[in-house]
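Please open the model in a viewer and follow the selections below in order.

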Amino acid sequence: MPYLVKTPKDERVNSVFSHAFKKVGEGEKYFVYEGRIDVEFPQAMFGLSGDEFRKLCRSIRVEGGFKKRIEDGVRIAPLRKKVLTVRLSEDEYRLLVEDAREVGLEPSRWARNLVMSLVEQYLALELKKKAMQEIREVCGGCKYWTGEGCGNPTIPKLYLREVYSGRRKECQYKVERGVM
Amino acid sequence: MIIVVPKKQEIKGVIVKGFKEAGYSLVAENDRSYTFKGIFSLKIPSATLGIGYREFVSLCKEIAVEGGLKRRRNGVLYVIPERKRRLVVRLSNDEYETLSKVAESRGLKPHTLFRETLMLALSERRGV
């Protein structure tokens with residue numbers, strides 16, 4: 001579940017937040033953004049004075065997540081209610097602690113960062129593999145199929161997108177290999 | 001974890017090279033055995049050693065592990081360190097869902113995938 005961030009309507013805030021979050025709503029006096037991961041914003045990014053920044057931090061509302069003032073900025077992160085217990089050997093744990101110390105994070109947070117970035121990549125690869133399998137089912141045997149995509153320049157892009165996304169199970173432009 | 005492997009002519013070169021590639025260091029050597037020291041779990045398939053099944057089974061019996069355990073499943077020897085530490089990690093619903101999805105597709109439990117991925121990332125950072 002993504003978390004929602006409600007901030008006062010300020011162009012300086014919007015220019016920073018729009019890079020990290022997706023804007024999903026807007027009111028007369030506020031913007032609403034949607035986020036999924038931890039984000040840290042240093043005070044310098046906003047170009048605000050100390051008092052203004054403190055005021056901004058106080059006015060930010062986070063739903064399904066939390067905000068926390070850090071040394072020179074603010075951290076916004078999702079609520080983490082699932083607890084995962086992982087068993088490690090003494091040597092494995094020591095290695096993790098040393099590595100976490102090098103980057104200045106707690107071992108559990110560093111472990112989560114390392115693992116989740118790789119797992120996201122695994123998932124993206126698996127989804128891509130699955131999508132390619134589905135495309136091959138539709139395009140396999142077609143003379144325009146290059147192995148990585150469609151090589152027919154006359155097919156409308158929108159149509160092709162429907163084939164690639166799996167919404168179309170058959171392609172009307174398909175020409176069997178060897179058929180003239 | 002310390003692993004003592006008997007010295008056998010037919011696997012001499014492969015063993016030292018294989019353990020070094022897995023991040024293990026050779027800490028002692030005598031006429032009868034090699035002693036390796038390392039952190040990560042190991043998976044040693046008989047095919048990589050280039051020996052027959054019976055020889056592999058007898059080799060597995062002779063290998064001694066300190067600070068861990070060995071388990072042979074058919075033609076593969078697994079050497080796993082004793083895991084007594086507990087690392088508690090808090091995840092958001094999204095993160096847990098992603099982890100479970102990938103773990104399920106690989107036939108693993110979420111915490112096993114987490115540990116394996118963590119060890120892979122740490123070993124890569126160490127250049128192993």
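A salt bridge is a side-chain nitrogen of Lys or Arg within 4 Å of a carboxyl oxygen of Asp or Glu. By that rule, six salt bridges cross the interface of chain A and chain B. The model is predicted: local features need pLDDT of at least 70, side-chain atom pairs count only at pLDDT 80 or more, and totals for chains, interfaces and linings use all residues. Residues are numbered from 1 along each chain as its sequence is written, chains are lettered from A and ligands numbered from 1 in the order in which they are written, and side-chain values use heavy atoms, with hydrogens and water left out.

Select A:E92 and B:R83: they form a salt bridge whose closest N and O atoms are 3.0 Å apart.

Next, display the interface. Here 37 residues of chain A are in contact (heavy atoms within 4.5 Å) with 39 residues of chain B. The two chains bury about 4100 Å² between them, 64% of it on carbon and sulfur atoms; this is the accessible area (1.4 Å probe) that two parts lose on being put together, summed over both.

Now select A:L96. Leaving aside neighbours within four places in sequence, A:L96 is in contact with residues of both chains, including A:W110, B:L87 and B:L118.
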